[in-house]
Amino acid sequence: MRHPRRVGVWAAGVLAAGLLTPAWAADASSGGRSLPPVVEMGVGGASASSPPSREILADLLQQLESLQTELRSLRGQVEVQTNEIERLKARQRDLLADIDRRVSELERRGPAGAPAVSAGPVSAAPVITLQEQKDYDTAFSLMKQGQYDRAAKGFRDFLANYPQSTLRDNAHFWLGEAYYVKRDFRKALAEFTRLLSDHPGNPKAPDAMLKIGYCHYELGAWARARESLNQVVARYPGQPAAKSAEQRLAKMKKEGR
């Protein structure tokens, strides 16, 4: 008869051996053998159900930080460009105001070199009423503020209410500018053309002719655009309008227009 303690140790060993027996071990009762279980493998030999490794997580975190850094940089660039655009807009408004002021002064003085004494009857110079000047300044102020719809209406009303105004040619020009900014190129073309036909000697004539070329360009009338731009270069050499016309002509040539 075996000693109880030895029997216990022997039984524990048998039990442990049974627990440690792999799943593919032979079945003693049937005498057959089963195949090892198939393990589904993922990328890199890892199990598909296994969690991602620390290396993968670290790489994803690094990519996320890089994208955040790039996003912050882009936001900074946008802010800088926005400030630059606002500065340019403010400068444009100041230039428009200065140009209009100078032109108004020239128109009030009359042509340079005019004789002080005339043998015939002297006709009184056209007088700009306070209300007339106020209406014009209101429309022009809206133009400087970028309220182009209201500015266009203001200049249309001015032209209707003051058909004999000495500021009429200026009103046509700025009305054309308002239409041009709004990309209503046909109406802009009509206003700039009207200015040149009625007031060819206006100081804004070079810019009006330039904008006529621009309008034809935007409307796809390439031949008319080239004709107008070449006229600007020929009639106003050395002026800013002529330089802008040359640049647009070079662009058209590059585009094959």
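Me: Which helix holds Leu57?

Reply: Leu57 is found in helix H2, residues 54-109. Helices here are DSSP runs (H or I, at least four residues), numbered from the N terminus. This is a predicted model: local features need pLDDT of at least 70, side-chain atom pairs count only at pLDDT 80 or more, and totals for chains, interfaces and linings use all residues. Residues are numbered from 1 along each chain as its sequence is written, and side-chain values use heavy atoms, with hydrogens and water left out.

Me: Why is Leu57 called partly exposed?

Reply: Its relative accessible area is 46%. Buried means under 20%, exposed over 50%, and partly exposed in between (1.4 Å probe, protein chains only). Therefore Leu57 counts as partly exposed.

Me: What makes Asp149 exposed?

Reply: Asp149 has 52% relative accessibility, so it counts as exposed.

Me: How do you know that Asp149 and Lys182 form a salt bridge?

Reply: Their closest N and O atoms are 2.7 Å apart. The term requires a side-chain nitrogen of Lys or Arg within 4 Å of a carboxyl oxygen of Asp or Glu. The pair therefore qualifies. Asp149 lies in helix H4 and Lys182 in the loop between H5 and H6, so the bridge ties together parts 33 residues apart in sequence. Lys182 is partly exposed, at 38%.

Me: What makes Glu177 and Lys211 a salt bridge, and are the two residues buried or exposed?

Reply: The N to O value is 2.5 Å. Glu177 lies in helix H5 and Lys211 in helix H7 (residues 205-218), so this pair ties together parts 34 residues apart in sequence. Glu177 is buried at 12% relative accessible area. Lys211 is buried at 13%.

Me: Why is the Lys187 contact with Asp184 called a salt bridge?

Reply: The closest N and O atoms are 3.9 Å apart. Lys187 is partly exposed at 43%, and Asp184 is partly exposed at 26%. A search of the whole structure finds 7 salt bridges.

Me: How do you know that the length of H4 agrees with its residue count?

Reply: The expected span is 1.5 Å times one less than the number of residues. For the 14 residues of H4 (148-161) that should give 20 Å, and the end C-alpha atoms are 20 Å apart, so the two agree.

Notes: Helix = DSSP H or I, 4+ residues; strand = E, 2+ residues; numbered from the N terminus.
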